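Please read the following account with the sequence and the model side by side. The paragraphs go from one chain to the contact between chains, and then to single side chains.

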Amino acid sequence: MLEAIAFYVLASVAVLSAFAVVSARNPVHSVLFLILTFFNAAGLFVLLGAEFLAMLLVVVYVGAVAVLFLFVVMMLDVDFVELKQGFLSYMPLGGLVGVVLLGEMLLVTSAVRTSGAFSDRPTALPEGVTNAERIGRVLYTDYLFLFQLAGLVLFVAMIGAIVLTLRKRDGIKRQDVSKQVGRTRKQGVELKDVRPGQGLG
Amino acid sequence: MGPLIAEFGPVWGFWAGVGQILLIMIMLLLSLAFLLLFDRKVWAAVQLRKGPNVVGPFGLFQSFADFLKFVLKEIVIPAGANKTVFILAPLITFTLAFAAWAVIPIAPGWVIANLNVGILYLFAISSLGVYGIIMGGWASNSKYPFLGGLRSAAQMVSYEVSIGFILITVLVLVGSLNITDIVENQRGSILRWHAFAWPTVFVMFPMLVMFFISALAETNRPPFDLPEAESELVAGYQVEYSSTPYLLFMIGEYLNITLMCAMINILFLGGWHLPWGPIESLGLPDWATPIAGFAVFYAKLWVMFFMFAMVKAIVPRYRYDQLMRIGWKIFLPTSLVAVAVAAGYVAYFGRPAIAAVAGG
């Protein structure tokens, strides 16, 4: 009973806020609704008993990724009236994607309804084994190489992003911390003997 | 709340749970009133001033007078502000600051929710804290708050990374994400506390220091209070806030500092255990042990808060690029190495012996 109420509340808020992400006029509001969607998805994970995944979703997506989204969207000066102009011209393509997704979802649900899921579907956790432990066991044994590969891909992407934005410019002042710290009094201070009435000229 | 419902039935169990939550909230708010005063008194003492000393004996009621002042004033919302987000931001900060306390065990057995992923929950909630600030900064529709909000977002996201790695070193040594397990893993004298346990002290004591500094940055405390650096940004993201919304920001901020003190306490300094032995070694009856445990926990909390206050009083503010440099170029690699060392230690020598006793 309580679970059903929780599910319907979380699910409906998730769907409504997902709709608000695309329909909100203000881009910052869009991102805030996106965060609400993530949050409700995390709640759904908790209902499924996957509290570790829920926390990861909050930490990674809400705590880091969405902050960067918000960061960028706040600083961009987007003219939304102009952007909304060609909204309808994307309709055929968007509609096509939507129909394909709907078809796939129907296919999956009907396949599971009629012939059941695959036989090695996850069973309930044995007593005393936590979520995190279970995921860790699978991730670092069966899927070790894929896991490391994913990490490598992210690493390369990060280096790529840095390389793309790094540019060397001449003639600008740069700070070198070791130089600043290693500076002695002799290099930093120069004593001048100023005669009265003459100045340093 | 689950065990309470099992014990008292659905209706009374629910209300018992609500009562527990209210009790902890009232305890926190009252502590906060005196912690705020303590902060100001410490700061004053360092500067050879007297600090607040007018309201009540020794100025003890100063915080309550401030509270009334904030509540009774008018809320000013700037004309160009985004009203909903403007009001939402302090509420988010305030709510999240309290939400994090749901998993903090303040004495043996005294915890609202004993989650299996407690430490991750804490991490998740504290990583959400940035939204209140960034939303407040943006919704004010003014340059200083906006710059303050952006600075703060960058700062908090950066230091979360090192805090995360430091948490992992502790988790690897304990082998559990449950906060009560983490405290019970330190059962025993001061030599069992994570910060001082032999031989991991070489890794964990530096981690304690780094966690403390990262906590300063994460809570926007001086010397890392750049989001509200008054010499550059007036008051940062709080410029446009007045009366109650400002109060909510303030309470949220101080509650986060208190939470960080509690986290240092739980992760490194043995939680509710005494320096010379576990809390049970006092030989108190069963009903009194949690009370004594709470007293120990609370005393350690105040000591940690004293450290925070002293840092605020004596350390000059950092420059922003220096702050970022410390976070990304020093803390991140160091804590990453520490994770590797701690994991290597556990892999080759097993967990420190006590884990077998407390884990069960």
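**From chain surface to side-chain pairs**

Chain A has an accessible surface of about 16600 Å², and carbon and sulfur atoms hold 68% of that surface; accessible areas come from the Shrake-Rupley method with a 1.4 Å probe, and for residues only the protein chains shown count as cover. This is a predicted model, in which local features need pLDDT of at least 70 and side-chain atom pairs count only at pLDDT 80 or more, while totals for chains, interfaces and linings use all residues. Residues are numbered from 1 along each chain as its sequence is written, chains are lettered from A and ligands numbered from 1 in the order in which they are written, and side-chain values use heavy atoms, with hydrogens and water left out.

Chain A contains nine helices and zero strands, where helices (H or I, at least four residues) and strands (E, at least two) are DSSP runs numbered from the N terminus. Of the 201 residues in chain A, 17% are buried, a term that stands for under 20% relative accessible area, with exposed meaning over 50% and partly exposed in between (1.4 Å probe, protein chains only). Among the contacts in chain A with a separation of 6 or more, 51% are between residues 24 or more positions apart, a contact being heavy atoms within 4.5 Å.

Where the two chains meet, 25 residues of chain B are in contact with 24 residues of chain A. The buried area between them is about 2100 Å², with 79% from carbon and sulfur atoms; buried area is the accessible area (1.4 Å probe) that two parts lose on being put together, summed over both. On the side of chain B, Leu120(B), Tyr131(B) and Trp138(B) lose the most area to chain A, and together they give 25% of what that side buries. Three elements of chain B, α4 (118–139), α5 (143–174) and α11, each supply at least two residues of the side that touches chain A, and α4(B) provides the largest share, 11 residues. That side of chain B divides into 18 nonpolar, three polar and four charged residues, where Ala, Val, Leu, Ile, Met, Phe, Trp, Tyr, Cys and Pro count as nonpolar, Asp, Glu, Lys and Arg as charged, and the others, Gly among them, as polar.

Between chain B and chain A there are zero salt bridges, a salt bridge being a side-chain nitrogen of Lys or Arg within 4 Å of a carboxyl oxygen of Asp or Glu. Over all chains, by this rule, the count is seven salt bridges. One of them pairs Lys192(A) with Glu190(A) at 3.8 Å, N to O, and Glu190(A) is exposed at 62% relative accessibility. In chain B, Arg187(B) and Glu184(B) form a salt bridge whose closest N and O atoms are 2.5 Å apart; Arg187(B) is partly exposed at 26%, whereas Glu184(B) is buried at 13%.

Another salt bridge joins Asp225(B) to Arg317(B) at 2.7 Å, N to O. Because Asp225(B) lies in the loop between α7 (201–218) and α8 (230–233) of chain B and Arg317(B) in the loop between α10 (289–314) and α11 (320–349), the pair ties together parts that are 92 residues apart in sequence. Asp225(B) is buried, with a relative accessible area of 9%, while Arg317(B) is partly exposed at 31%. Asp39(B), Arg221(B) and Lys312(B), in turn, are linked in a network of salt bridges.
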